[in-house]
Amino acid sequence: MANHKAAVNFEKLLSDESKDFKTIQILDAAGQVTQPELMPNLSDDQLVELMQQMVWSRVLDQRATALNRQGRLGFYAPTAGQEASQLASNFAMTKDDFLFPGYRDVPQLVQHGLPLSQAFLWSRGHIDGNKYPESLKAMPPQIIIGAQYIQAMGVAVGMKKRQSANAVYVYTGDGGTSQGDFYEGLNFAGAFKAPAIFVVQNNGFAISVPREKQTAAVTLAQKGVAAGIPAIQVDGMDPLAVYEVMKEARAFTTAGNGPVLIETLTYRYGPHTLSGDDPTRYRTKETDDIWLKRDPLVRMRRFLTDKGLWSQDQEDQLIEQVKTDIKAAINEADAAPKQKVTDFLNVTFEDQPQNIKEQIAEYSAKESN
Amino acid sequence: MAQKTMIQAITNALDLELADDKNVLIFGEDVGKNGGVFRATEGLQTKHGEERVFDTPLAESGIGGLSIGLALEGFRPVPEIQFFGFVFETMDSIAGQMSRTRYRMGNTRQMPITVRAPFGGGVHTPEMHSDNFEGMITQIPGIRVVVPSNPYDAKGLLIAAIRSNDPVLYLEHMKLYRSFREEVPDESYTVPLDKAAVVTEGTDVSIITYGAMVREAVKATENLAKENIKAEVIDLRTIAPLDVETIVASVEKTGRVVIVQEAQRQAGVGAQVASEISERAVLSLEAPIARVSAPDTPFPFGQAEATWLPNATDIENKVKEVINF
């Protein structure tokens, strides 16, 4: 056996660089276009609109945080830092595409058509926040990490059966890729060649657990390989790259080619949620600073200012307008009726069975006092 | 009219519903070309096409998510979970998601999903196939749990379940699939959900049960009749929510109760039936409420099934205890 040779070189397989996905970037941290040939086909007005949405989201995040501290909002998952990942991906989709958000993806939901007042009601734990008009192609933010991936796959299979020209888009985070449902969603959608875009917003931490502890995989995008679907990694702080990749993914998947997985590399500046999370327990200021220098608003602001499309005055005016809109939405949410148990009992089934009828009678009596 | 086994009645119901409503879709593991491991979907793919009756990858959670997504697209999904013992893999879709959707979205969306699954003991399956976990699902608000005990009901209840705009877990007892035939009309008909049936009328004791235990209870009743004990057998049919009216009416008539469930004793459907009777008809009782059930062990290895599963003799003995109290 002196000349025995190993059948497999596992060390080499482990270090295979082909698994290391290249990250797509168009606009660098300094607001310079690094790959002009990849520039998305967006008009000046559209570029400005995308920036407006990101500014809106940043202001919403600041105001929502303040409102939460005042006790005027409930559950809130901060979004600052993820504006390119969230709004630029959403910007590539249409109103008839179906959105499955995670709990941090309220900005996309609102841009997709959910009135802000309803988003606030959802945060406060009011049923009216989830009464979606038929025309709103979306589900409320998913709480069970991964569940949105299999449901999105289901809608995509349905769209294919209906020969729809639309697509489903769904978000999770880096932690979500560890769930079985993440893989089942990808795998089913691949097997059915369904029109779905699976987005992983990799912000580096699942609450406190760093991305490195979630998986031995070099990238999260490579998880698409096992499902046999194309996957790509994109600079999630670069709105132009996120938009372009999402737009191309939409064209690819709606043409009947099956689903796509997109990993956006991003960061949340704030805590996981405002319910007691303290990021200083698991992140360093040095890491925060590295990511703050990559800020999506800063680079888009420079890019648009250089093109003569943006000014500080314009931004200040927008900020005031957004604050006014948020105030109006909060006032509207304040006007929502008090919730009653009888209202819940009435919507547990379409036709009320005996036990529910009895309980409606019981709670009607209680609630009429 | 034709004599049909329960599995034939189920196939027939699926066939009629596929023909009746183009939004009805049947899918699961091996339900397509293979017609299901029990042949419940035999011939349906050939007749209705691969778009309507199709195989899925082998993953129950994915099947649950697929059902929810298809319902959101306006379909009426009828997924099959190959064995109810595999239900844990899709518990979030069933318990956490589809059951909650109408409520969660303030009646703006609905989940007309019928999850079919074979369950129950007595057919010597390998371990982890036969578990009687129906009681677990009955605690979940927003979903009905239906268990037919015969071919006629199986067809009518399944059609009613598929047409319901709320989710239904429809459990098919494996031992009943081919154990007997009865007259089943060829045309479409429904058997109402949420309604129990009085299978055998009697005045001395109420035997309240469902699924395969209905046959055992009827067998026991025949023996008891020889001793002039007239037992009434109630087949719950829908075990969540319960048809409390029918239960209470029977107990008020007989004053004695034996609740029979194939499942283990701890919690479950029998316990709920006992509670309802205690709350509503305790003054009609002439003896303590009795239960016949399996013991509180995991579902047994195949060779021990006969001693583990409750049977007609156990029911007969328990009825006599209650009568002689």
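This is a predicted model: local features need pLDDT of at least 70, side-chain atom pairs count only at pLDDT 80 or more; totals for chains, interfaces and linings use all residues.
Now select β7(A), residues 231-235. This strand is mostly covered, with 4 of its 5 residues buried. On one side, 2 bridges connect β7(A) in parallel to strand β1 (residues 23-24) of chain A. Show A:Ile24 and A:Val234: the two residues stand opposite each other. β7(A) also runs parallel to strand β8 (residues 260-265) of chain A, and 5 bridges join these two. Here A:Val234 has A:Thr264 of β8(A) opposite.

Move on to strand β4 (residues 196-202) of chain A. β4(A) and β8(A) are parallel and share 6 bridges. A residue pair to display is A:Val200 with A:Glu263 of β8(A), which stand opposite each other.

**The nonpolar cores**

Which residues have the most contacts inside the largest nonpolar core? Select A:Phe198 and A:Met300, which hold that place in a core of 142 residues. Next colour helix α2 (residues 44-69) of chain A: this helix gives the most to the core, with 11 residues.

Return to A:Phe198 and display what surrounds the residue. Beyond its neighbours within four places in sequence, its contacts include A:Tyr149, A:Met153, A:Val170 and A:Leu186. Also among them are A:Ile229 and the run A:Pro259, A:Val260, A:Leu261 and A:Ile262.

For the second, separate core, go to B:Leu18, B:Val24, B:Ile26 and B:Val184, which are included in its 35 residues.

**The aromatic rings**

Over all chains, the structure holds 19 aromatic pairs. Start with A:Phe98 and A:Phe100. The ring centres are 5.0 Å apart and the planes are at 25 degrees, so this pair is stacked. Buried means under 20% relative accessible area. A:Phe98 therefore counts as buried at 5% relative accessibility, and A:Phe100 counts as buried at 1%.

Then select B:Phe38 and B:Phe83. This pair is edge-to-face, with 5.4 Å centre to centre and 65 degrees between the planes. What does the pair link? Distant parts of the chain: B:Phe38 is in the loop between β2 (24-28) and α2 (44-48) of chain B, while B:Phe83 is in the loop between β4 (76-80) and α4 (91-98) of chain B, 45 residues apart. B:Phe38 counts as buried at 18% relative accessibility, as does B:Phe83 at 11%.

For the last stop, select A:Phe188, A:Phe192, B:Phe27 and B:Phe54 together. These residues of chains A and B form one aromatic cluster.

Technical notes. Residues are numbered from 1 along each chain as its sequence is written. Chains are lettered from A and ligands numbered from 1 in the order in which they are written. Side-chain values use heavy atoms; hydrogens and water are left out. A nonpolar core is a set of buried Ala, Val, Leu, Ile, Met, Phe, Trp, Tyr and Cys residues joined through side-chain atoms within 4.5 Å. Buried means under 20% relative accessible area, exposed over 50%, partly exposed in between (1.4 Å probe, protein chains only). Contact means heavy atoms within 4.5 Å. Two strands pair if DSSP finds at least two bridges between them. Rings of Phe, Tyr and Trp (its six-membered ring) pair if their centres lie within 6.5 Å; planes under 30 degrees apart count as stacked, over 60 as edge-to-face and the rest as tilted.
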